[in-house]
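Subject: Structure for you to look at

Dear colleague,

I am handing over the structure below, and after it you will find what I noted while going through it. Please read the notes with the structure open beside them.

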2 protein chains.
Amino acid sequence: MDLKSFEKQVAVSTADICREIFESRSHSIKIKKEPVAVRNLVRIFKATLKLANQKGFHAMSLRDLCAESGMSMGGLYAYFKNKEELLTLIQEQGRAIVARVLGDQLAGIDDAAQALDMAIRSHLYLSEVLQPWFFFSYMETRFFHAEEGKRAIAGELQTEAIFAGILQKGIASAGFAIPDPLLVAAAIKALLQDWYLKRWKYRRRNISVEAYGDFVISMVRAYGAGQTAKGEK
Amino acid sequence: MDLKSFEKQVAVSTADICREIFESRSHSIKIKKEPVAVRNLVRIFKATLKLANQKGFHAMSLRDLCAESGMSMGGLYAYFKNKEELLTLIQEQGRAIVARVLGDQLAGIDDAAQALDMAIRSHLYLSEVLQPWFFFSYMETRFFHAEEGKRAIAGELQTEAIFAGILQKGIASAGFAIPDPLLVAAAIKALLQDWYLKRWKYRRRNISVEAYGDFVISMVRAYGAGQTAKGEK
DNA sequence: GTCTATACAACGATAGAC
DNA sequence: GTCTATCGTTGTATAGAC
């Protein structure tokens, strides 16, 4: 598992999932030719993420989006019925890619320590490759409407639950001892999020994804070891 | 140092600083009577933070702000010349309060371990009492214009430098060993920010500020201890 | 299938009555 | 010192030409 393989996997998944979105929404998308639609969806998503991450989704006007995507007003509205649906589309696409790629990575690992490594590194690599989407998703969540907002919170709690589960398992198998798995899981999430929220900072300091991953893992390990030591006194 | 004393200190500072803002801006603020101006500034800030944190500063219309603050359009424009200046005013006020309160707390502590405790807890308590401002400041930073944006980044790096300094000192005084103080400082910041960015989560789980503070401190300590252990091998 | 032109609503900001 | 009325601009969304 390295960054390059993630890039490839995400690139393939992105096209696949745009195709799936096109098919599942063929009733509302006015374009009928698949290759055209998929190409334009990719363009729209890329342009939206760029602009929305600069000035915010709300502040990004559809005129801005026309210019950035190289499409026209009418052209855009062939893919969604209003601006909010564009947001839904982007969330749908991102979530689908994340689920697919992470599912592939985490399948069939039993050892808790190994699972912890894998989960942390996978999240980190994925958020590195899909940084614009992760950033967007984090920053815009509070503006989402009811349903989309619930989905975002559910996503946050779900990945947290994955970490908590691994830590719990780690306690059982005695590799490391952690009295408050959920709290540590929350901390792991916070550290992983910091990576894609403040990319500028880590880039400026020449810290690589790999190095940051090592750091997060050693942090969690040290905490587990410290708690063991205390407990064994 | 407990939460209650922070509340009092912040309440006093807020009024003080609104008074100072009024005085320093008496040329641009059209209101001349201090008591009226200070009362209205406090109202405007509170209303702005509430609305901006719900829907975003850009999406918050000044008509919304009229309703929330109980003032009129013309009334608002007596305190700032445009919407952007309102943002500047809020940032100025928040930064001033933070600098004053934290300055009071951290003055004259020499021991590194004690300073680490104090710095973490102070930040945490302050962000608890001033949560709306911290949240606002974090979430809106990316929309700030040149000067205000630089100030925000400088603020982030400055508090990080404080933590890094304490950790460095900790190495020197041999209390704990940390090979990468700046990285650990960044992690501390991320954990402290998570507290005010995801308040809903920690509240839902009945985790108190004190408990979270203990957790962050023990995390850093454990990491320091782990590195010492390795180094001594 | 894509573009231009336009309708209509909401915004920030100001001028002048009270 | 505060309010109401109104201006010009900019936004989303659509209808109809090509």
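The helices named here are DSSP runs of H or I with at least four residues, and they are numbered from the N terminus. Please keep in mind throughout that this is a predicted model.

I began with the surface near DNA strand D, to which α3 (62–69) of chain A and α2 of chain B each supply at least two residues. There are 20 residues around DNA strand D, and among these A:L62, A:R63, A:Y77, B:K32 and B:S72 come nearest. By class, the residues of this surface divide into 8 nonpolar, 5 polar and 7 charged. Of the atoms of DNA strand D within 4 Å of the protein, 57% belong to sugar or phosphate, while the rest belong to bases.

The side chain of A:R63 has an N or O atom 2.9 Å from a base nitrogen of DNA strand D, whereas the side chain of A:Y77 has an N or O atom 2.6 Å from a phosphate oxygen of DNA strand D. In chain B, a polar backbone atom of B:K33 is 3.0 Å from a phosphate oxygen of DNA strand D.

Helix α2 (residues 34–55) of chain B also packs with helix α5 (residues 83–106) of chain B, at an angle of about 100 degrees and with the axes 11 Å apart. The two are therefore roughly perpendicular. B:L41, B:I44, B:F45, B:T48 and B:L49 make the contact from α2(B), and B:L86, B:L89, B:I90 and B:Q93 make it from α5(B); this contact has 7 nonpolar, 2 polar and no charged residues.

Notes. Residues are numbered from 1 along each chain as its sequence is written. Chains are lettered from A and ligands numbered from 1 in the order in which they are written. This is a predicted model: local features need pLDDT of at least 70, side-chain atom pairs count only at pLDDT 80 or more; totals for chains, interfaces and linings use all residues. Side-chain values use heavy atoms; hydrogens and water are left out. Axes are lines fitted to C-alpha atoms, for helices over the stretch in contact, and angles run from 0 to 180 degrees between N-to-C directions. Angles under 35 degrees count as roughly parallel, over 145 as roughly antiparallel, 65 to 115 as roughly perpendicular and the rest as oblique. Contact means heavy atoms within 4.5 Å. Ala, Val, Leu, Ile, Met, Phe, Trp, Tyr, Cys and Pro count as nonpolar, Asp, Glu, Lys and Arg as charged, and the others, Gly among them, as polar. A residue is near a molecule or strand if one of its heavy atoms lies within 4 Å of it. A polar contact is a pair of N or O atoms within 3.5 Å; within protein, one must be able to donate a hydrogen and the other to accept it, and residues adjacent in sequence count only if both atoms are side-chain atoms.
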